[in-house]
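Please load the model in a viewer and keep the selection panel at hand.

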Amino acid sequence: MICPQAIDRFRDMLRASAKSLAMLFYFGNFQNVKNGPQENYARELMELHTIGVEGGFSEDDVQEVARCFTGWGIGRRDDGAVTFRFSPRRHDFGEKTLLGHTIPTEQGIEDGEQVLDILAAHATTASFLAIMRCRRFVSDQPPDSLVEKVAAVYDTTNGDIREMLRMLPL
């Protein structure tokens, strides 16, 4: 469930989103397997959720992120409930490189977790999120000074969404 993290730390919300059934299904990541990485979620994660279209990633980065999320999918618990499930047999355990960071071999689910950490801490994530919040709550053309102020709050609070929103003139 994503809602409880909506005004928490961005990294926590990102993790909840990556494991949500809605996201897994909508972007087809539940079909992401080692012999056929599915790039929809990887691309949207970078373009829309973290660093933005102009965040400096390449097509190779998209492919590497897709490989990191292989095996992330949907499964049933013993009680029949549908939930997030990691399937090691569907995961690509090879070494990957994302935005200059090496993701070592044999990690499993940690590959995707490391991607989320890298993107949440990326230099452009704070400014991308700040401009998106300012556009949503203030103006389609927010003042640069406000965007910079909100981005600085992201950096100094380890991505605290509530604190970012407190900086907005409402």
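The stops below cover helix packing, a loop lysine and the cysteines. Please bear in mind throughout that this is a predicted model.

**First stop: H1 and H5**

Select helix H1 (10-18) and helix H5 (110-121). Their axes lie 10 Å apart, and the helices pack at an angle of about 140°. H1 and H5 are therefore oblique to each other, and their crossing is right-handed. To view the contact, show the side chains of Phe10, Arg11, Leu14, Arg15 and Ala18 in H1, which meet Glu113, Leu116, Asp117 and Ala120 in H5. Coloured by class, this contact of H1 with H5 shows five nonpolar and four charged residues, with no polar ones.

**Second stop: Lys19**

Next, select Lys19, located in the loop that runs between H1 and H2. Is this lysine buried or exposed? Lys19 has a relative accessibility of 19% and therefore counts as buried, since the cut-off for that class is under 20%. Leaving aside residues up to four places away in sequence, Lys19 touches Leu24, Trp72, Phe84, Ile109 and Glu113. Of these, Glu113 also belongs to the H5 side of the previous contact.

Move to helix H3, residues 40-49. Which of its residues are buried? They are Tyr41, Ala42, Glu44, Leu45, Met46 and His49.

The crossing of H6 past H7 is right-handed. On the H6 side, select Thr125, Ala126, Ser127, Leu129, Ala130, Ile131 and Cys134; they meet Leu146, Val147, Val150, Ala151, Tyr154 and Asp155 of H7. The residues of this contact comprise 10 nonpolar, two polar and one charged.

**Last stop: the cysteines**

Cys134, already on display from the H6 contact, is buried, with a relative accessible area of 0%. Select Cys68 as well: this residue is also buried, at 0% relative accessible area. How many disulfides does the structure hold? The count is zero. For reference, a disulfide is a covalent bond between the sulfur atoms of two cysteines.

Notes: Residues numbered from 1 in each chain as written. Predicted model: local features only at pLDDT ≥ 70, side-chain atom pairs only at ≥ 80, totals over all residues. Heavy atoms only, no water. Left-handed = near helix turned anticlockwise from the far one by under 90°. Helix = DSSP H or I, 4+ residues; strand = E, 2+ residues; numbered from the N terminus. Contact = heavy atoms within 4.5 Å. Nonpolar A, V, L, I, M, F, W, Y, C, P; charged D, E, K, R; others polar. Buried < 20%, exposed > 50% of the residue type's maximum accessible area, 1.4 Å probe, protein only. Axes fitted to C-alpha atoms, helices over the stretch in contact; angles between N-to-C directions. Parallel < 35°, antiparallel > 145°, perpendicular 65-115°, else oblique. Disulfide = S-S within 2.5 Å.
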